[in-house]
2 protein chains.
Amino acid sequence: MNAPSAPSYPVDGMNRVKRRHDRGAYDHETVHGLLDAAVLCHVSYVIDGQPYCTPTLFWREGTRLYWHGSSASRMLRNQSDGQPACLAVTHLDSLVLARCGFNHSADYRSVMAFGHAWLVADPEEKRRALVMMVDRFFPDRTAGLRQTTEQETKATAVVVMEIERASAKIRAKGVADDDEDYALPIYAERLPVHMVIGAPEPCPRLVPDIERPASLTPYREGRRLDDAVSEAYSTTYKVDEGVIG
Amino acid sequence: MNAPSAPSYPVDGMNRVKRRHDRGAYDHETVHGLLDAAVLCHVSYVIDGQPYCTPTLFWREGTRLYWHGSSASRMLRNQSDGQPACLAVTHLDSLVLARCGFNHSADYRSVMAFGHAWLVADPEEKRRALVMMVDRFFPDRTAGLRQTTEQETKATAVVVMEIERASAKIRAKGVADDDEDYALPIYAERLPVHMVIGAPEPCPRLVPDIERPASLTPYREGRRLDDAVSEAYSTTYKVDEGVIG
């Protein structure tokens with residue numbers, strides 16, 4: 001898929017795709033593309049030996065991942081000194097109905113990213129991150145919003161993690177039965193599933209004559225969410241592999 | 001939502017919803033309903049202090065959760081002696097564009113379930129679980145499939161976790177701005193998103209005259225996946241709060 005010289009994450013026992021290793025990839029282009037198409041991730045972290053798995057909004061800058069939550073949250077209190085974390089993103093693309101139970105499966109595109117998570121402490125960096133948290137999804141939106149107050153900035157914690165290792169895992173082959181099973185009189189199918197955007201619901205309390213801004217046009221009814229989110233990302237970060245990659 | 005006597009999971013520091021605690025619920029009906037509407041979960045576990053977050057298919061029986069993977073997988077090797085685990089399910093329902101950055105949000109329905117995960121060792125219980133892994137999504141499908149071989153059964157590991165603690169967290173309020181911000185000339189909306197079923201793609205190698213079975217009718221193009229998955233679950237387990245709940 002990529003030339004051998006394409007930038008890639010290092011591979012070791014932590015992130016090597018062991019089961020179905022033919023489905024694994026480690027290059028920045030594949031890993032970053034799957035991250036940038038997502039709104040939601042799940043972050044895993046450990047407190048006193050107990051694993052926690054928390055869903056949250058996130059975004060990427062270069063080889064850094066950002067996510068957020070209240071300063072009150074259990075996870076963030078414990079990440080202030082650099083906690084090992086694993087952030088996962090999964091796009092489910094289909095359910096696969098095969099001719100035997102064993103070959104039932106799903107098509108998916110997933111990423112696991114490993115690193116150490118830190119609270120963003122520097123006030124300037126935090127203010128910048130809070131802007132990107134919105135603008136990453138909705139290009140240039142923050143400039144037209146009511147300004148964020150000091151209290152709001154204090155009440156929001158931003159976490160940053162440099163990606164130390166990462167792997168992508170992709171299955172995209174639909175029905176894959178054993179050769180001898182194709183002759184059987186059994187129905188089999190690939191059932192596609194997608195995150196799809198519905199009809200936007202304008203706030204019922206809008207003041208008169210407020211139109212939906214043109215910057216929201218990537219988010220139109222019936223479109224796949226991963227496509228819209230990728231497009232918004234490219235607009236905001238003006239993606240150039242040499243700069244943001 | 002439920003009478004005070006409705007069955008609930010115990011609450012302590014591990015699963016109490018701390019941030020936005022008004023969004024939390026612990027009763028079986030809410031927690032199980034969100035689990036049974038999902039195909040995919042993320043499971044967190046710990047190896048040598050390092051958290052891992054793995055996406056996988058899963059399903060519920062009573063207060064037990066099952067998921068699967070190859071015996072070769074890192075996660076399962078380490079869960080054979082009862083590993084603490086956290087399984088999370090998240091349904092993303094909308095993106096919320098508010099009049100300030102701080103009130104940008106998302107509507108979602110999520111569950112975190114905590115317990116100890118074990119490999120299913122008993123061969124009979126494992127065979128039964130492998131049937132339910134398919135039939136939970138596609139009622140009665142296994143009966144019509146090519147039988148599972150001994151080798152396939154051996155190659156599949158099934159993990160079971162009794163839910164010791166669980167919490168649901170739900171946000172379903174769309175735009176919620178500060179009172180004084182509603183007067184501002186700023187566009188705000190709730191942008192609904194859903195997992196939607198696409199057009200089924202029959203295997204191109206079907207033998208002649210094989211029709212799509214009636215048992216797959218819950219999975220029709222354009223329908224929400226969570227609705228179809230919930231319906232299939234109810235059909236398979238003939239849900240009765242007194243039996244499976």
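I take a salt bridge to be a side-chain nitrogen of Lys or Arg within 4 Å of a carboxyl oxygen of Asp or Glu. The model I consulted is predicted.

**Entry 1: salt bridges.** I looked up Arg146(A) and found that its partner is Asp178(B), with the closest N and O atoms 3.2 Å apart. This separation lies within the 4 Å limit, so the pair counts as a salt bridge. I then searched the whole interface of chain B and chain A, where the rule gives 8 salt bridges.

**Entry 2: polar contacts.** I recorded 30 residue pairs in polar contact across the interface of chain B and chain A, both residues being at pLDDT 80 or more. I next noted which elements of chain B give two or more residues to the side that touches chain A; among them are β2 (40-47), β5 (83-97), α4 (150-155) and β10 (201-202). The most comes from β9(B), with 9 residues. I sorted the residues of that side of chain B into 50 nonpolar, 17 polar and 16 charged.

**Entry 3: extent.** I listed 83 residues from chain B and 83 residues from chain A in the contact. The two chains bury about 7800 Å² between them, and 66% of this is on carbon and sulfur atoms.

Entry 4: I traced strand β8 of chain A (residues 189-197) to β10(B); 2 bridges join them, and the strands run antiparallel. Within β10(B), I identified Pro202(B) as the bridge partner of Glu189(A).

Terms used:
Residues are numbered from 1 along each chain as its sequence is written. Chains are lettered from A and ligands numbered from 1 in the order in which they are written. This is a predicted model: local features need pLDDT of at least 70, side-chain atom pairs count only at pLDDT 80 or more; totals for chains, interfaces and linings use all residues. Side-chain values use heavy atoms; hydrogens and water are left out. Contact means heavy atoms within 4.5 Å. Buried area is the accessible area (1.4 Å probe) that two parts lose on being put together, summed over both. A polar contact is a pair of N or O atoms within 3.5 Å; within protein, one must be able to donate a hydrogen and the other to accept it, and residues adjacent in sequence count only if both atoms are side-chain atoms. Helices (H or I, at least four residues) and strands (E, at least two) are DSSP runs, numbered from the N terminus. Ala, Val, Leu, Ile, Met, Phe, Trp, Tyr, Cys and Pro count as nonpolar, Asp, Glu, Lys and Arg as charged, and the others, Gly among them, as polar. Two strands pair if DSSP finds at least two bridges between them.
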